[in-house]
Amino acid sequence: MTKYTLTYFDVEALGEPIRMLLSYGNLDFTDNRIDFEKDWAKFKAAMPMGQVPILEADGKIMYQSLAISRYLARLVGLYGENPLEDYEVDNAVDNINDFRAKLAGAQYEQNAVAKEEKFKLLKAETIPYFLEKLDAIAAENDGHFALKKFTWADVYFTGMSNYLSVMAQEDITANYPNLKKVIENTVATPGIKEWVEKRPKPKV
Ligand SMILES: N[C@@H](CCC(=O)N[C@@H](CS)C(=O)NCC(=O)O)C(=O)O
């Protein structure tokens with residue numbers, strides 16, 4: 001049986017959807033968490049693109065969190081059943097990822113004045129815009145993001161939800177019951193339920 005090692009920082013962020021997919025598939029994995037302050041400098045040089053997460057599977061090193069997630073989603077049966085269904089799932093993931101990128105653009109802005117401006121715009125327009133759209137998609141799909149069924153788009157959102165809330169500086173589900181439902185559905189799923197119960201206390 002293939003043994004996996006996920007290497008990431010001691011946070012949820014881009015690593016958590018991967019941990020959830022591995023857990024859903026009941027795949028044998030080591031959750032290797034790097035201490036950023038102490039060890040990152042020496043690890044970085046050895047990473048294919050100087051970044052994490054990476055997933056090692058029997059000697060093969062995979063990187064790029066979305067590519068890793070797609071690989072695992074296919075492996076554990078959380079994609080569509082034909083190219084059009086795959087498109088629906090990818091489309092949902094891309095919507096969520098666009099939201100993440102907007103938040104990250106403000107969160108990691110180095111210039112203090114520009115950062116404040118970006119946050120003002122996020123609060124006034126971008127966050128409600130994306131959350132309303134995503135909530136409507138989840139409503140149409142009965143508490144999922146695509147195909148009215150559980151797919152890795154739900155895992156992607158749920159795994160990143162704490163990170164998204166921290167970056168948005170608000171609970172992104174507070175006023176969006178259908179987004180809450182996606183998370184509830186996902187964390188009730190066998191494998192993910194056990195993972196969420198035993199995982200290290202959330203750090204984002
Ligand atoms: N597109 C990459 C982005 C990876 C990324 O941004 N990783 C960050 C942590 S979330 C990182 O390694 N930062 C440390 C660095 O760049 O030195 C992915 O999705 O895997």
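The model is a predicted one. Begin by selecting Leu21, Ala92, Leu134, Phe145, Trp152, Ala153 and Tyr156: of the 50 residues in the largest nonpolar core, these touch the most other members. Next, colour the elements that each supply at least two residues of this core: strand 1 (3-9), helix 1 (16-24), strand 3 (54-57), helix 3 (65-76), helix 4 (83-107), helix 5 (112-140), helix 6 (152-168) and helix 7 (177-187). Which helix gives the most to this core? The answer is helix 6, with 10 residues. Both domain 1 (3-76 + 190-198) and domain 2 (83-187) give residues to this core, so the core lies between them. As a general background, nonpolar side chains tend to be buried together in soluble globular proteins.

Apart from neighbours within four places in sequence, Ala153 is in contact with Val89, Ala92, Val93, Phe145 and Ala146.

**Second stop: helix 4 and helix 6**

Select helix 4 together with helix 6. The two pack at an angle of about 15°, and their axes are 10 Å apart. Angles under 35 degrees count as roughly parallel, and helix 4 and helix 6 are therefore roughly parallel to each other. Helix 4 passes helix 6 in a left-handed crossing. To see the contact itself, show Val89, Ala92, Val93, Ile96, Arg100, Leu103, Ala104 and Gln107 on helix 4, and Trp152, Ala153, Tyr156, Phe157, Met160, Leu164, Met167 and Ala168 on helix 6.

Turn to helix 5 and helix 7, whose axes come within 7 Å and cross at roughly 60°. That angle makes helix 5 oblique to helix 7. Their crossing is left-handed. On helix 5, the contact is made by Leu131, Leu134, Asp135, Ala138 and Ala139; on helix 7, by Asn178, Leu179, Lys181 and Val182.

Remain on helix 7 and select Leu179, which is placed there. Is Leu179 buried or exposed? A residue counts as buried if 20 or more other C-beta atoms lie within 10 Å of its own. Leu179 has 24 C-beta neighbours inside 10 Å and therefore counts as buried. Not counting residues up to four places away in sequence, Leu179 touches Leu131, Leu134, Asp135, Ala138, Ile172 and Thr173. A distance from Leu179 to Lys193 may also be drawn: they are 14 residues apart in sequence and 18 Å apart in space, C-alpha to C-alpha.

The contact takes 12 residues from domain 1 and 10 residues from domain 2. On the side of domain 1 that touches domain 2, the elements giving two or more residues are helix 1, helix 3 and helix 8 (192-198). Helix 1 provides the largest share of that side, 5 residues.

Lastly, select Pro48, in the loop between helix 2 (36-44) and strand 3. The residue has 10 other C-beta atoms within 10 Å and is therefore exposed. Pro48 and Ile61 are 13 residues apart in sequence and 8.4 Å apart in space, C-alpha to C-alpha.

Key
Residues are numbered from 1 along each chain as its sequence is written. This is a predicted model: local features need pLDDT of at least 70, side-chain atom pairs count only at pLDDT 80 or more; totals for chains, interfaces and linings use all residues. A nonpolar core is a set of buried Ala, Val, Leu, Ile, Met, Phe, Trp, Tyr and Cys residues joined through C-beta atoms within 7 Å. A residue is buried if 20 or more other C-beta atoms lie within 10 Å of its own, exposed if 12 or fewer, and partly exposed in between; C-beta atoms are placed from the backbone. Helices (H or I, at least four residues) and strands (E, at least two) are DSSP runs, numbered from the N terminus. Domain bounds come from an automatic or database domain assignment. Two residues are in contact if their C-beta atoms, placed from the backbone, lie within 7 Å. Axes are lines fitted to C-alpha atoms, for helices over the stretch in contact, and angles run from 0 to 180 degrees between N-to-C directions. Angles under 35 degrees count as roughly parallel, over 145 as roughly antiparallel, 65 to 115 as roughly perpendicular and the rest as oblique. A crossing is left-handed if the near helix is turned anticlockwise from the far one by less than a right angle, and right-handed if clockwise.
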